[in-house]
Amino acid sequence: MTTHGGFEPVFCTVIPPHVLDKLARNDDPALSGPARRTLMRDSELRGRRRVTTEFGLAAAPTAKAPSDQPLRTIYDAGHKTGLPGRKVRAEGSEPGQDATVNRAYAGLGATFDLYLKAYARQSIDGDGLPLDATVHFDENYNNAFWNGEQMVFGDGDGEIFLDFTIPIDVIGHELTHGVTQHTANLTYYGQPGALNESMSDVFGSLIKQYTLGQTAAEADWLIGAGLLAPSVSGKALRSMKEPGSAYDDDVLGKDPQPATMDDYVRTGRDNGGVHINSGIPNHAFYLVANALGGHAWEKAGQIWYDVLTGGELSDRALFTDFAKLTVAAAKARFSEGDELQAVSKAWEQVGVRIL
């Protein structure tokens, strides 16, 4: 396991603050109310996470899983906010009547499987970390998050967002924040923060593709497909294939993600645009995977994983730094072949200079 300078306080949500902020300003209280409550809850949880991290108050896991098996526990918050809540499913137990519990359990397992079978990584921390998740968090909570210790899922408001356990890539996305926390520990602001978000989108997408047995050509490259309510004009939260095209809705607005550095967004909101500018490295990864074909986790994913866990990625890395390391990783693993050419060309296409 590689870490850099101790863990940053980690509280990462799948729905960006700028999306919730727009909803919170809507005239319809059915839309603005849940968004405002979610923003307030996220702010409270973010502050609590900062305090527990700085003062070393976070609880350490008491058990480790066998190296080749996950150790999952699902809890039910009962629409309250106490964590972890009531234990409702343990590792190895049969599915129950609650589809949300079953989806969370399956999503944790799918994430564990991808990291173990594709990259020989034993759980999120590489050392058999138990995987805990809480469902039915709060009332109409419009988010899912990794708080540095466990996963938490809201049920959504039913108007804009549905149950957050529906897209398996959302589960994989949030758990990958835990992988990043235990490896490169990328600072959650600006370009390193956008790389942090992009790593979660990349491996969240790979977890979905691995589960479905899809090739790069067969994959939809969408993050959060199935999460938006039927009334929303959109297909997902983000698109790695076509950043900026995931939604265009009267209430949510238009997907703001750029695909290249020509449209890089400079902002102080959303931790310096971490959920926005992640579209650029996301698109680079898609271009690499599409050029190489086959199963994206085998070559493109391996290169990205090598960089994330290799120990040379600074916690304050910029896009250029990350791009150079992917080129080096491609050459180290695959020599001077198609892989190296695909990586170099992809960064050129998105406008990130590596020379």
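**Loops, and what surrounds them**

Author: Ser335 has a relative accessible area of 45% and is therefore partly exposed, a class that lies between buried (under 20%) and exposed (over 50%), using a 1.4 Å probe and counting protein chains only. The model is a predicted one, in which local features need pLDDT of at least 70 and side-chain atom pairs count only at pLDDT 80 or more, while totals for chains, interfaces and linings use all residues. Residues are numbered from 1 along each chain as its sequence is written, and side-chain values rest on heavy atoms, with hydrogens and water left out.

Although Ser335 is not a glycine, its phi is positive, at about 65 degrees. This serine belongs to the loop that runs between helix H9 (319–334) and helix H10 (338–349); helices (H or I, at least four residues) and strands (E, at least two) are DSSP runs, numbered from the N terminus.

Trp221 is another residue that is not a glycine and yet has a positive phi, here of about 60 degrees. Its place is in the loop between helix H5 (190–212) and strand E7 (222–223). Is this tryptophan buried or exposed? With a relative accessibility of 1%, Trp221 counts as buried.

Ser205 is itself buried, at 1% relative accessibility.

Asp201 is also placed in helix H5, and with a relative accessible area of 1% this aspartate is buried. When residues up to four places away in sequence are not counted, Asp201 touches His173, Ile223, Arg238, Met240 and Asn282. The C-alpha atoms of Asp201 and Val170 are 8.2 Å apart in space, whereas the two residues are 31 positions apart in sequence.

A further backbone feature concerns a proline. The peptide bond that joins Leu83 and Pro84 is cis, with omega at about 10 degrees, and Pro84 is found in the loop between strand E2 (72–76) and strand E3 (86–90).

Gly126 sits in yet another loop, the one between helix H3 (99–119) and strand E4 (131–135), and is partly exposed with a relative accessible area of 30%. Its C-alpha atom is separated by 8.2 Å from that of His182, a residue 56 positions away along the chain.

Asp248 belongs to strand E9 (residues 248–249). Its contacts, leaving aside neighbours within four places in sequence, are Ser233, Gly253 and Lys254. Asp248 and Gly234 are 14 residues apart in sequence, and 6.0 Å separates them from C-alpha to C-alpha.

UniProt lists "domain: Peptidase M4" (unreviewed entry) at residues 90–181 and "domain: Peptidase M4 C-terminal" (unreviewed entry) at residues 184–352; the positions are in the numbering used here, feature names are shortened, and annotations may be inferred rather than shown by experiment. Residues 90–181 are 38% helix and 13% strand, with end C-alpha atoms 25 Å apart, while residues 184–352 are 47% helix and 5% strand, with end C-alpha atoms 20 Å apart.

For the whole protein chain, the secondary structure comes to 10 helices and 10 strands. The radius of gyration is 19 Å, close to the 20 Å that the globule rule gives for 355 residues, so the chain is as compact as a globular protein of that length; the radius is taken over C-alpha atoms, and the rule is 2.2 Å times the number of residues to the power 0.38. Along the principal axes, the C-alpha atoms fill a box of roughly 55 × 50 × 40 Å.

Buried residues make up 57% of the 355 residues in the chain. Among contacts with a separation of 6 or more, 64% are between residues 24 or more positions apart.

Methods:
Contact = heavy atoms within 4.5 Å.
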